[in-house]
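Subject: the model we talked about

Hi,

Here is the structure I promised to send over. Have a look at it first, and then read on for my notes.

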Amino acid sequence: MTAAQRRWLFLAGAAGFAAFYLWGLTGLPGFGHYPGPYGDIINRIAVAQTNATGVVSAVNFEYRGFDTVAEEYILFVAAIGVSTVLRQLRGERERAARDEAVGRRVPPTSDAVRVLSLMLIGPTLVMGWFLASHAQTSPSGGFQGGVVLATSFILLYLAGEFLVFERVSPLDITDAVGAVGAGGFAAIGITAVGLGLAYLTNFLPLGSTPGAVSSSGTIALISFFVGLEVGAAFVLIVSELLEQTLLLRHRS
Amino acid sequence: MQVFPFIVVAWVLAVGLYGIVTSRHLIHQIVCLIVVQSSTYVLLLGIGYRRGAVAPYFSDIPVHTPAVDPVVQALALTDVVVEAAVTALLLSFAIQAHKRFGTLDPHELVQLKG
Amino acid sequence: MDQLLPLAAVVPLLVAAGISAASRFLRRRRRILDAIGIATAVAVTVMLIVIMTRAAHGDSVYWFAGFRPSRGVAIGIDFAAGPLSAGLACLAAALVSAAMIFSWRYFEQVATYYHALMLTFLAGMVGYCLTGDIFDLFVWFELMGVSAYVLTAYRPEERGPLQGALNFAITNSVGAYLILSGIALSYGRTGALNMAQIGRDMARHGPDRLVVVAFVLIISGLLIKGAIVPFHFWLADAHAVAPTPVCVLFSGVMVELGLYGIARVYWSVFGYGLGHRQTVTSVFLALGMLTAIAGALFCFRERHLKRLLAFSTISHAGMFLTGIAVLTPLGLAGAAVYVAGHALLKAALFLGTGIVLHRLGSVNETWLHGRGRHLRVTGIIFTLAALGLADLPPFATYLGKGWIESAAATRGFPWVTAVFIISSVLVGAAVLRVAGGVFYGLGDPPSESPQVAAESSEETSETQAAKQRTPLSMIAPAAVLVVAGIVVALLPDLGPVLQASAVRFQDQAAYNATVLSGAHIPHPRALFPPEDTGVKAADLASGFGSAAGALLLAFLALYWKRLPVLRRGFEPGTGLVQPIRRFQSGIVNDYVAWIVFGLACVGGALAFTIR
């Protein structure tokens with residue numbers, strides 16, 4: 001197909017589809033008029049039932065926790081997928097070691113960036129940890145915390161210490177942490193099965209105070225494992241992608 | 001303007017699809033795919049919104065305060081994770097494709113056809 | 001509460017994580033990895049057989065975390081396994097087992113991740129089949145998809161796999177987002193994610209624009225996965241380049257899972273709400289017929305073995321969709337047995353292709369002509385499977401085809417038989433032509449097409465070329481699969497049992513009651529009356545007829561150049577379909593444009609009739 005043909009085919013289809021889709025969207029109850037009942041029921045029962053005051057986390061890790069198992073594995077597959085797809089390049093590096101943009105001058109990392117990044121690493125780690133372990137009380141949880149944890153590793157890179165970055169997060173270890181995170185969640189579910197309960201049943205004591213760090217039973221534990229998995233997956237993905245350019249530059 | 005947010009949904013979807021169809025650069029095309037997915041975030045969160053209701057966090061408010069739907073927020077979170085995973089994968093394909101084909105133009109990545 | 005239900009999906013996930021955590025240890029111990037992978041897949045197969053038999057008289061429902069629905073409102077996620085859904089998952093697990101046994105000696109070097117990815121792929125398929133929650137369906141669909149994208153690009157040192165994986169991932173991601181939009185719309189109406197509950201609430205409301213649009217969005221995403229024209233373009237690209245054991249799964253079950261999703265969503269969610277069964281039949285029937293014919297034509301002119309088999313899968317997907325489209329129990333039962341027979345035989349054909357690649361280092365029919373003479377056992381297996389693909393009795397495929405044809409005739413579409421025979425003949429002839437040329441050296445080698453040569457020259461590194469022996473671990477699974485393709489048809493009471501399962505699958509009210517109130521429905525009600533499933537003369541005639549036609553056409557194609565009268569005309573197959581060839585351009589932009597166009601057509605057709 002020529003570009004013009006493709007565009008006409010698309011525009012014809014898109015015009016029809018857009019009309020059709022808008023026609024359907026106008027059948028919705030209207031913005032601001034959520035009809036329920038699913039969310040309303042959960043809002044009503046979640047706090048009493050799980051002792052978690054962050055209802056979104058309760059949905060993610062308890063009511064619809066099984067979605068999250070699969071979802072976490074999607075991330076897990078993406079991480080090992082990125083290393084699978086990029087693995088060949090690692091063997092090839094010697095052969096293909098040329099800078100993609102030869103004439104370009106790479107300015108050295110400025111001291112300001114370096115110092116600021118190094119200073120931020122500690123607080124970011126703490127922040128990530130805090131988020132991953134407070135799923136039950138605040139709009140946080142393993143996914144958010146894991147991403148922030150991974151950010152602290154990326155700050156390390158930003159500080160110009162890629163080699164340190166590699167040493168701190170060697171791929172095998174990161175990989176293993178990710179696998180433990182992904183498997184840990186699934187294993188918590190299996191533990192419930194071992195206790196004769198349904199898969200992923202919250203079998204830990206819920207604590208006495210809603211919203212306390214120790215409340216909500218398995219929600220906090222699952223959130224922790226998710227944090228591990230997400231952090232490891234993102235570190236793995238980012239370091240695989242960074243490795244593509246950085247080591248080449250180091251050599252030349 | 002009860003329909004307005006949903007018009008945005010259709011618009012974002014259409015723009016993303018247009019981008020995918022006309023794109024001549026893989027990275028751009030992948031970003032357009034993210035745009036397509038963004039329409040689902042707007043749709044999900046738009047559906048769960050209730051006028052005047054609070055966020056579904058009851059740490060410092062009474063439990064029976066009217067709140068928006070927590071379920072669509074959890075779904076949107078899942079959706080975001082899926083997006084991150086797919087994007088990372090597609091980008092790694094793009095890196096390899098660039099190594100193999102020496103180009104990122106989808107029209108020139110034609111090893112297979114017919 | 002049947003604890004096997006979650007375990008069937010979770011065990012492969014846990015093993016995948018375990019393998020990955022111990023990757024440093026296992027990297028040099030390939031055999032341990034293989035053994036773990038095979039053992040897991042076989043264990044899942046056994047679990048699913050048990051689940052399937054337990055569900056024979058009513059779906060097994062499992063509520064995760066123990067959240068049972070209260071007053072008809074689901075607050076958790078459920079697995080609802082019926083005989084058909086568990087059977088399909090079981091088929092997937094069996095094929096994964098076969099593919100992993102085949103891989104034992106197939107890859108020269110295989111990173112740790114191959115096994116982990118195969119297991120996550122398996123878990124994705126199992127979860128997708130068993131789930132009763134529509135968002136959960138989307139999540140497993142994505143897990144399945146993401147694993148499949150990576151497996152397609154498993155050999156990133158070549159160009160083909162990258163292009164194939166990109167086209168596959170972009171088109172199927174667009175499909176996934178369409179599904180999600182449809183889910184969001186139906187949630188906006190019903191505030192539910194449980195399929196039974198959505199279905200019940202939509203039935204109360206009756207058909208309106210929102211229901212139509214939500215339905216079209218969800219099925220369009222599934223039609224992409226199910227490779228239905230014009231949503232199918234990604235399939236040939238992905239199949240041609242994925243490693244052969246992975247192709248077994250793509251062709252054998254992944255595409256069929258897309259169609260299963262349509263059946264599940266239609267009968268569990270939208271059936272009553274949508275009504276207008278005549279319109280639904282017409283739309284799906286048109287898509288199915290178009291796909292069956294287009295896939296068969298593409299298949300017949302193809303010279304690249306894997307692509308040829310891929311196009312035959314497209315053609316068969318069209319026939320399966322037809323079985324769903326007629327909406328009768330016999331049609332669905334026919335589609336089910338057809339899917340099973342096709343999966344087993346197509347898997348055997350792909351494994352045979354893998355052996356050819358392993359021994360001869362090519363998948364180019366032209367180059368291979370006459371070079372496979374010494375591969376006697378492989379030749380026999382390949383030929384038998386090819387005959388089965390042409391619906392020769394007693395292969396299970398003939399039953400499926402016969403049932404769908406008679407179901408269609410009952411609904412007033414007797415011409416479906418003619419279309420089915422044409423596409424079976426074309427597909428069977430293409431594969432038989434390959435068998436005759438490659439393994440028996442019959443006829444003349446087809447004239448070389450430079451493009452095919454270029455494509456297949458890249459194939460060699462999947463396995464090191466020109467091995468002297470074919471290992472037993474490669475032959476045995478292929479042989480077992482072909483035998484299984486016959487055994488399925490000979491199972492006692494297959495017809496009545498399958499049709500009863502189909503009636504249960506189609507009874508939305510019974511499904512609702514089973515899932516939402518835990519009721520046991522001993523006698524589900526059929527919307528369309530069940531029909532006779534005994535072996536009829538018409539089925540046999542249609543089966544033998546298409547096999548004979550396929551043989552004849554295969555011989556014609558092989559000896560074309562020696563036919564005195566016709567030979568000056570054109571090469572069979574190429575001249576016939578040259579004009580439509582350029583649609584398969586390899587450019588993902590085109591594919592997405594076609595998806596949008598197809599979406600508008602399907603949407604328009606339903607919108608103007610239902611409203």
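Where in chain A does A:Ser133 lie? A:Ser133 is in the loop between α5 (111-132) and α6 (142-158). Helices here are DSSP runs of H or I with at least four residues, strands are E runs of at least two, and both are numbered from the N terminus.

Before going further, some housekeeping. This is a predicted model, where local features need pLDDT of at least 70 and side-chain atom pairs count only at pLDDT 80 or more, while totals for chains, interfaces and linings use all residues. Residues are numbered from 1 along each chain as its sequence is written, and chains are lettered from A and ligands numbered from 1 in the order in which they are written.

Back to A:Ser133. It counts as partly exposed because it has 19 C-beta neighbours inside 10 Å. The cut-offs: 20 or more other C-beta atoms within 10 Å of a residue's own make it buried, 12 or fewer make it exposed, and anything in between is partly exposed, with C-beta atoms placed from the backbone. Leaving aside neighbours within four places in sequence, A:Ser133 is in contact with A:Val213, A:Ala220, A:Ser223 and A:Phe224. Contact means that the two C-beta atoms, placed from the backbone, lie within 7 Å. A:Val193 is 60 residues from A:Ser133 along the chain, and their C-alpha atoms are 25 Å apart.

Now chain B. It has 3 helices and 0 strands, so in order from the N terminus you read α-α-α. Its radius of gyration is 19 Å, whereas a compact globule of 114 residues would have one near 13 Å; the radius is taken over C-alpha atoms, and the globule rule is 2.2 Å times the number of residues to the power 0.38. The C-alpha trace of chain B spans about 60 × 30 × 20 Å along its principal axes. Of the 114 residues in chain B, 53% are buried. Among its contacts with a separation of 6 or more, 53% are between residues 24 or more positions apart.

Next, what chain C touches. Its contact with chain B takes 33 residues from chain B and 39 from chain C. On the chain B side, α1 (4-22), α2 (26-48) and α3 (70-101) each supply at least two residues, and α3(B) gives the most, with 13 residues. That side divides into 21 nonpolar, 9 polar and 3 charged residues. For these classes, Ala, Val, Leu, Ile, Met, Phe, Trp, Tyr, Cys and Pro count as nonpolar, Asp, Glu, Lys and Arg as charged, and the others, Gly among them, as polar.

The contact between chains A and C takes 59 residues from chain A and 62 from chain C. On the chain A side, α1 (3-25), α2 (38-50), α3 (55-63), α4 (65-92) and α8 (171-194) each supply at least two residues. The largest share, 15 residues, comes from α4(A). By class, this side of chain A has 37 nonpolar, 14 polar and 8 charged residues.

Inside chain C, one helix pair is worth a look. From α10(C), C:Leu235, C:Ala236, C:His239 and C:Ala240 meet residues of α13(C) including C:Phe311 and C:Ile314. The contact has 6 nonpolar, 2 polar and 2 charged residues.

Most residues other than glycine have a negative phi, and most peptide bonds are trans. Two places to check for cis bonds:

- C:Val229 and C:Pro230 are joined by a cis peptide bond, with omega about 0 degrees; C:Pro230 is in the loop between α9 (209-225) and α10 of chain C.
- C:Pro393 and C:Pro394 are also joined by a cis peptide bond, with omega about 5 degrees; C:Pro394 is in the loop between α16 (376-389) and α17 (396-410) of chain C.

As for phi, C:Leu327 has a positive value of about 65 degrees although it is not a glycine. C:Leu327 counts as buried because it has 23 C-beta neighbours inside 10 Å.

Cheers
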